[in-house]
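Visitor: I am new to reading protein models. Could you walk me through a few features, one at a time?

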Amino acid sequence: MRTDVIFMDMPTLETHLKPLPKDLAQLILAFSQISMDMQSQFPKYLSGASGDRNKYGEAVAKLDKWANGHLCDSLIQTGLVRTIHSEELGEPIYHNDTSPFVVTLDPLDGSSNIVTNNSFGIIMGIYRDDLPKTGRKLTAAVYKLYGPVNTLVYSAGMGVHEFVKHYYSDGSAEFLLLNENMKLPKKGEVFGIGADPLSWNPRLMTYAKDLFRHEKMKVRYCGSFVGDFSQVLHKGGFFSYPSTSKDPDGKFRLYYECIPLGFLCEEAGGATWDGSASGNSVLDRIDNDVDARTPLYLGNKELIEKLKKAMKA
Ligand code: FBP
């Protein structure tokens with residue numbers, strides 16, 4: 001008997017997905033279950049936990065490999081996915097020509113955070129078309145965030161919605177709606193910028209100092225894109241893994257990371273920029289190389305416009 005009355009009227013993810021096309025709802029629901037089942041396996045990969053730092057890297061590499069294999073196998077078993085492009089795969093998995101969806105995966109984004117028990121997660125982009133395509137052709141984007149609680153955020157182009165995994169007193173559990181039609185708060189509160197600050201464009205350094213001095217914003221950088229994105233989604237602000245003198249194309253992958261989370265950012269009323277002189281959204285960028293990297297800047301619209309001006313100055 002489920003007696004947790006406090007949650008009785010909160011819609012479940014399954015209910016919330018009902019207005020979507022049946023096949024898309026089924027895929028997002030399957031992803032939610034797969035991603036939850038995976039969590040119970042994580043501790044066994046902490047072989048570095050004995051304090052042998054050399055083992056940490058090996059443990060994380062093993063975890064990344066397992067997570068990718070399990071996620072790909074489970075998604076193929078749904079019968080809904082014809083092609084999988086994964087950051088952990090050298091080549092795509094072409095399963096068949098008939099299933100409705102092509103997916104992009106970052107199977108464990110920020111996985112090195114596991115050894116310090118900080119947030120990390122899974123990013124999935126869902127297309128009906130074959131790639132390469134721009135992010136404007138994305139059917140939906142979803143991420144799972146393994147944090148102090150388990151949350152899942154998705155958008156199919158009709159708002160950004162967040163769910164939390166709730167455990168009932170009878171031991172069962174399901175994803176319940178936490179936030180619907182999320183929008184970045186008008187005034188950005190936090191910002192985070194990756195890479196070595198000494199390799200940043202000096203104009204980006206000036207912009208960052210301005211966020212402190214004039215925008216009175218706080219630094220939040222947790223070392224996983226999904227974790228840092230979640231902070232901007234909830235508190236408003238700015239996040240970037242920029243072009244640098246060492247890595248002009250940045251670190252993040254266009255298809256596996258930037259398009260799905262850029263889609264969610266823009267669906268939530270924010271803006272993105274790929275660092276191009278033409279000032280493009282990451283959703284307008286296309287590359288025949290599905291493993292391509294791109295500089296990434298995202299957050300409140302006015303902060304992105306301010307950045308573009310600062311970088312052109
Ligand atoms: P991976 O693709 O190797 O997982 O790198 C992505 C990432 O872990 C992001 O999740 C995170 O925001 C960023 O790298 C952290 O990079 P750094 O360790 O350079 O700060």
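Visitor: Is N181 buried, partly exposed or exposed, and why?

Guide: Let's start with the cut-offs: buried means under 20% relative accessible area, exposed means over 50%, and partly exposed is in between. This is a predicted model, and in it N181 has 45% relative accessibility, so it counts as partly exposed. You will find N181 in the loop between β8 (173–179) and β9 (190–193).

Visitor: What should I look for in the backbone there?

Guide: Look at the phi angle. Most residues other than glycine have a negative phi. N181 has a positive phi, near 50 degrees.

Visitor: Which value does phi take in K216?

Guide: Phi of K216 is near 55 degrees, again positive in a residue that is not glycine. K216 sits in the loop between α4 (202–213) and β10. With 65% relative accessibility, K216 counts as exposed, because the cut-off for that class is over 50%.

Visitor: And how do I read a peptide bond?

Guide: Check the omega angle. Most peptide bonds are trans. The bond joining L131 and P132 is cis, with omega at about 5 degrees. P132 belongs to the loop between β4 (120–127) and β5 (140–146).

Visitor: In what order do the strands of the five-stranded open sheet run?

Guide: Reading across the sheet, the order is β10-β9-β11-β13-β12, and the pairing is mixed. β10 (218–219) and β12 (271–273) are at the edges; each has a single partner strand, so one side of each has no neighbour in the sheet. For a pair to look at, take β11 (residues 237–241) and β13 (residues 296–299): they are antiparallel and joined over four bridges. Within β11 and β13, find F239, which stands opposite L298.

Visitor: Which residues are around the ligand?

Guide: Among them are E87, D109, Y221, F225, K251 and E257. Sorted by class, the shell has four nonpolar, three polar and four charged residues. Domain 1 (3–179) and domain 2 (190–312) each supply at least three residues of the shell.

Terms used:
Residues numbered from 1 in each chain as written. Predicted model: local features only at pLDDT ≥ 70, side-chain atom pairs only at ≥ 80, totals over all residues. Heavy atoms only, no water. Near = heavy atom within 4 Å. Nonpolar A, V, L, I, M, F, W, Y, C, P; charged D, E, K, R; others polar. Domains from an automatic or database assignment. Pairing = 2+ DSSP bridges. Helix = DSSP H or I, 4+ residues; strand = E, 2+ residues; numbered from the N terminus. Buried < 20%, exposed > 50% of the residue type's maximum accessible area, 1.4 Å probe, protein only.
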